[in-house]
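Visitor: I would like to go through this structure one question at a time. Please show it first.

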Amino acid sequence: MSELTGTIIAGSNNIFTLECSDGQVRSCSIKGKVIKSDKKFYNPLAPGDVVSVEPDALDPTKGQILTLSERKNTFCRWNVKGRCPQLLASNLDFLVLVTTPDNPPFRPRFIDRALAQAEHQEIEPVIVCNKCDLIEEMEDEDLDKVEATLQTWQSLGYKVFVVSAETGEGMEEFASFLENKNTAFVGQSGVGKSSLVNALDPTAELRTGELCEKYCRGSHTTTKGTLLRLNLSEDVIGKAGAKANVVDTPGIRRFVLDDVDGDDLHLYFKEFLPYVGKCQFGMSCNHIAEKGCAIKAAVENGEISFERYDSWTRIREELKTGRWDD
């Protein structure tokens, strides 16, 4: 049989599920066990990758992957255990970063890390705050922090959706945004990525899990990234026949940036960019304790939020020391 084109749907242990150009779904291995790439990854292929496939002459459900097509982009993180970058998804239009106001607790630094990685990889991110139905149960101080942080992200130009997969609030606008796009859902365990998918397309029937009460963290109900072809619910989006492609990624408890040096992190905090090079010590400024630092002056003047600056300093320290917070 002649070569076909295939799209990676999911994979583990170097066996990948592909949608092939002849309409057949195949389970494929990599011919020669090595795929040519410009970078060594923990996993050689990710959902969304496009490859050439040699079908098995005897079994139409199997084949071998021959080559990888050029990627539009990739989104990855540094895999601390594997000591190399881990691909999460490829060929995206947008990255969807999912958080919650509570249950699990609101952790804006996770989102700030992922935003920096998205900026580095030149993928436009959007932020989804799921479980907004919990807001009315929150203490005023905690709610103020959540609302202020969401406002800060919005002021930087990031699109923010406030939704509830449970009640449906905000889901119509979110579904309309996703229509006809290739996106990946990324977030900590328990923020409700799979619940969002189920609300968007009830036929997906993804397994969801309860939070671990001891640590107030989610369990890993999604164990590997999977490209989902969603038929968006007419009840949600308000029309029939709408579709979206979503990579549902496993919950991440610790997001570590890949290929970003601590000294370059300021280049991926977009509000820092107007001040880069304008410090008294120019490009040599560390923006920590130096006199005449334009970025610190912007923080003091309220032009850069203290919370984002604090997030930057903490992430920078992690990158420079190799000690990672959860």
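Visitor: Is glutamine 117 buried or exposed?
Guide: This is a predicted model, and glutamine 117 belongs to helix H1, residues 108-120. Its relative accessible area is 0%. Buried means under 20%, so glutamine 117 counts as buried.

Visitor: Leaving aside neighbours within four places in sequence, which residues is glutamine 117 in contact with?
Guide: The contacts here leave out neighbours within four places in sequence. What remains is Phe75, Cys76, Phe255, Leu257 and Asp258.

Visitor: Which element gives the most to the largest nonpolar core?
Guide: That core has 50 residues, and Phe75, Leu95, Trp153, Leu257 and Leu265 touch the most other members. Several elements each supply at least two residues, including strand S7 (84-90), helix H2 (140-155) and helix H7 (306-321). The element that gives the most, with six residues, is H1.

Visitor: Which lysine lies over the face of phenylalanine 177?
Guide: Phenylalanine 177 is in a cluster linked by ring pairs, together with Phe94, Phe161, Phe174 and Phe185. At 4.8 Å from the ring centre of phenylalanine 177 lies lysine 181.

Conventions
Residues are numbered from 1 along each chain as its sequence is written. This is a predicted model: local features need pLDDT of at least 70, side-chain atom pairs count only at pLDDT 80 or more; totals for chains, interfaces and linings use all residues. Side-chain values use heavy atoms; hydrogens and water are left out. Helices (H or I, at least four residues) and strands (E, at least two) are DSSP runs, numbered from the N terminus. Buried means under 20% relative accessible area, exposed over 50%, partly exposed in between (1.4 Å probe, protein chains only). Contact means heavy atoms within 4.5 Å. A nonpolar core is a set of buried Ala, Val, Leu, Ile, Met, Phe, Trp, Tyr and Cys residues joined through side-chain atoms within 4.5 Å. Rings of Phe, Tyr and Trp (its six-membered ring) pair if their centres lie within 6.5 Å; planes under 30 degrees apart count as stacked, over 60 as edge-to-face and the rest as tilted. A charge sits over a ring if NZ of Lys or CZ of Arg is within 6 Å of the ring centre and within 35 degrees of the ring normal.
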